[in-house]
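Please find below a short note on the model, arranged as numbered points. It begins with the sheet and then turns to the protein as a whole.

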Amino acid sequence: MTRPADSEGDPETETAPTSEPAANAEYGSKPFKRSRSHFADRITADGRDGWPVEAGRYRLVASRACPWASRAVISRRLLGLEDALSLAIADPIQDDRSWRFTLDPGGRDPVLGIRFLSEAYDARESGYPGGVSVPAIVDVPSGKLVTNDFQQITLDLATEWTALHRPGAPDLYPEARRAEIDEVIADNYRDLNNGVYRAGFAAQQSEYEDAYHDVFRRLDLLSERLAQHRYLVGDTITEADIRLFTTLVRFDAVYHGHFKCNRFKLAEDPVLWSYTKDLYQTPGFGDTVDFHHIKQHYYRVHTGINPTGIVPLGPDLASWLTPHYREELGGRPFGDGTPPGPVPPSEEVPATGRP
Ligand SMILES: N[C@@H](CCC(=O)N[C@@H](CS)C(=O)NCC(=O)O)C(=O)O
């Protein structure tokens, strides 16, 4: 069965949010609209939606190409949930049945035994007409999708999965800072995280220009804010930094050219560049990033805006590892906690995707 492209792949098929805005209201009101996640059950400590937090029960399905899915991959690493919540990495190139496990032996996810993520969507709701998106969390025993609510997944990893966090895990969504974090992530989502997509998929010149201006106005504001502060909120890494990082790390490789967000490259803004390099070099961030998957996905899947499917060779990645000097601003990346340990060998990003 051919699956309809979801919001990220084909803006033509996008729908406006069908009900009330998401809890943290990251939705804008511009012509480009991202569809609301359809499956919004939550995995919680008390299991009130029928999905209690349980070690080994669920599988996170992600693509390393996807900024929304990559947020969950980073949170899982920072919180030390690797043993509790296993990880499936989809092929960065979708076919007409969407995300597939062609990177795995026999083209099947070794834990779920399925070839396409859509099989888990179908197990949950037969005949589901919407797009198949990552991140997705699947219940391993039943093979059913639990949630594809990318906004809520990371918040729940931070606040509901605490019993399974590693010793020394940071508090990524500290209670006392939630209002400020929510405000920052809503502004960043509207203008930047989703703004680059509005620019890239604009069907009209004016739509593109509005999005372009939103993107760079927000980058200017962020550059100003981050000149004095090592992190976005408080002096430690929070959910706000994770959400910003997954957009910034893609900026020069795909958004600058492919999405025409080209007033400047990130590497030309000393503050934003050193902020992003700082996070990239922090355990749990850069060790999840696969630039090969990122470029393959954007340039080969979005044939509407890159009809030849040619994938550019640049930018040169070597500078991701150069000094950032952000420690001079102070800050305690993990607060009272500690950095995560090494990446499990089975989850290491191949050399093709790293500097
Ligand atoms: N639209 C998703 C947000 C996540 C998302 O857009 N993911 C993209 C990848 S970056 C996706 O899986 N798109 C499906 C497709 O391209 O077919 C949702 O509503 O939960």
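1. The four strands form an open sheet with mixed pairing, in the order E2-E1-E3-E4. A strand (E, at least two residues) or a helix (H or I, at least four) is a DSSP run, numbered from the N terminus; two strands pair if DSSP finds at least two bridges between them. Strand E2 (86–89) and strand E4 (144–147) are the edge strands, each pairing on one side only. Direction ignored, neighbouring strands of this sheet are turned by 35° against each other on average.

2. This is a predicted model: local features need pLDDT of at least 70, and side-chain atom pairs count only at pLDDT 80 or more, while totals for chains, interfaces and linings use all residues. Residues are numbered from 1 along each chain as its sequence is written.

3. Strands of a sheet pair through backbone hydrogen bonds, either parallel or antiparallel. Strand E3 (residues 136–139) and E4 run antiparallel and are joined by three bridges. Asp139 stands opposite Lys144 in E4.

4. Which strands does helix H1 lie across? Helix H1 (residues 67–78) lies across strand E1 (58–62) and E2, and runs at about 130° to E1. Axes are lines fitted to C-alpha atoms, for helices over the stretch in contact (C-beta atoms, placed from the backbone, within 7 Å); angles run from 0 to 180 degrees between N-to-C directions.

5. In total, the protein has nine helices and four strands, following the pattern β-α-β-α-β-β-α-α-α-α-α-α-α along the sequence. Among contacts between residues at least 6 apart in sequence, 70% join residues at least 24 apart.

Terms used. Two residues are in contact if their C-beta atoms, placed from the backbone, lie within 7 Å.
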